[in-house]
Amino acid sequence: MVWFRRDGPDLVLQVQIQPRASSDAIVGVLGDRLKIRLTAPPVEGKANEHLIAWLARLFGVPRSQVILERGAGSRHKQVRIRCPKKLPENLDWDVQ
């Protein structure tokens, strides 16, 4: 399985989250997941909300266009980004 796939105009990401990091950053591809560091703690959904807001800025979409589809209580998550306006340049988006 690859860490991302296109679903029509949407982008579906398989991510692994590292909460309570010193900064928000994409670490890179780790197996079949995109590893992301977040400064937010994994308490009461704060890391999930932070992830959604951060990905929205990164992909140039409103927060409502970033949907956490699976993994709300896990470090492994599936996130859908509806019609991303931009893609982070430091990743290989031509894998598929």
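Which residues does Trp93 touch, not counting residues up to four places away in sequence? Hold that thought for a moment, everyone, while I say what we are looking at.

This is a predicted model, so local features need pLDDT of at least 70 and side-chain atom pairs count only at pLDDT 80 or more, while totals for chains, interfaces and linings use all residues. Residues are numbered from 1 along each chain as its sequence is written, and side-chain values use heavy atoms, with hydrogens and water left out.

Back to Trp93. Its partners are Trp3, Phe4, Leu11, Leu13, Phe59, Leu87 and Pro88, again leaving aside residues up to four places away in sequence. By contact I mean heavy atoms within 4.5 Å.

Now the core. The largest nonpolar core has 22 residues, and Trp93 is among those with the most contacts inside it, along with Leu13, Ile36, Leu55, Val66 and Ile81. A nonpolar core here is a set of buried Ala, Val, Leu, Ile, Met, Phe, Trp, Tyr and Cys residues joined through side-chain atoms within 4.5 Å. Buried means under 20% relative accessible area, exposed means over 50%, and partly exposed is in between, with a 1.4 Å probe and protein chains only. At least two residues of this core come from each of E2, E4, H1 and E6. H1 gives the largest share, six residues. For background, nonpolar side chains tend to be buried together in soluble globular proteins.

A word on those labels: helices (H or I, at least four residues) and strands (E, at least two) are DSSP runs, numbered from the N terminus.

Let's stay with helix H1. Its 14 residues should span 20 Å at 1.5 Å a residue, and its end C-alpha atoms are 20 Å apart, so the two agree. The expected span is 1.5 Å times one less than the number of residues. The buried residues of H1 are Ala47, Asn48, Leu51, Ile52, Ala53, Trp54, Leu55, Ala56 and Phe59. Covering them are, among others, E2, strand E3 (25–30), strand E4 (33–37), E5 and strand E6 (76–81).

What happens just after H1? There, Gly60 takes a positive phi of about 70°. Pro62 counts as exposed because its relative accessibility is 51%.

Asp10 lies in strand E2, residues 10–18. Strand E1 (residues 4–7) runs antiparallel to E2, joined to it by four bridges; two strands pair if DSSP finds at least two bridges between them. Opposite Asp10 in E2 stands Asp7. The hairpin of E1 and E2 has two residues between the strands, and Gly8 takes a positive phi near 65° in it.

Is Asp10 buried or exposed? Asp10 is buried, because its relative accessible area is 8%. Setting aside residues up to four places away in sequence, Asp10 touches Arg5, Arg80, Ile81, Arg82 and Cys83. The side chain of Asp10 also reaches the backbone nitrogen of Cys83 at 3.4 Å.

That brings us to charge. Side chains of opposite charge can pair when their charged atoms come close. How many salt bridges does a search of the whole structure find? The search finds five, a salt bridge being a side-chain nitrogen of Lys or Arg within 4 Å of a carboxyl oxygen of Asp or Glu. One of them joins Arg80 and Asp10, with the closest N and O atoms 3.1 Å apart. That pair links distant parts of the chain, with Arg80 in strand E6 and Asp10 in strand E2, 70 residues apart. Both Arg80 and Asp10 are buried.

Asp10 forms a salt bridge with Arg82 too, at 3.5 Å between the closest N and O atoms. Here Arg82 is in the segment after E6, 72 residues from Asp10. Arg82 counts as partly exposed because its relative accessibility is 35%.

Another salt bridge joins Arg63 and Glu49, whose closest N and O atoms are 2.9 Å apart. Arg63 sits in the loop between H1 and E5 and Glu49 in helix H1, 14 residues apart. Arg63 is partly exposed at 46% relative accessibility, and Glu49 is partly exposed at 44%. Finally, salt bridges that share partners join Asp7, Asp10, Glu69, Arg80 and Arg82 into one network.

Terms used
Polar contact = N/O pair within 3.5 Å; in protein donor to acceptor, adjacent residues only side chain to side chain.
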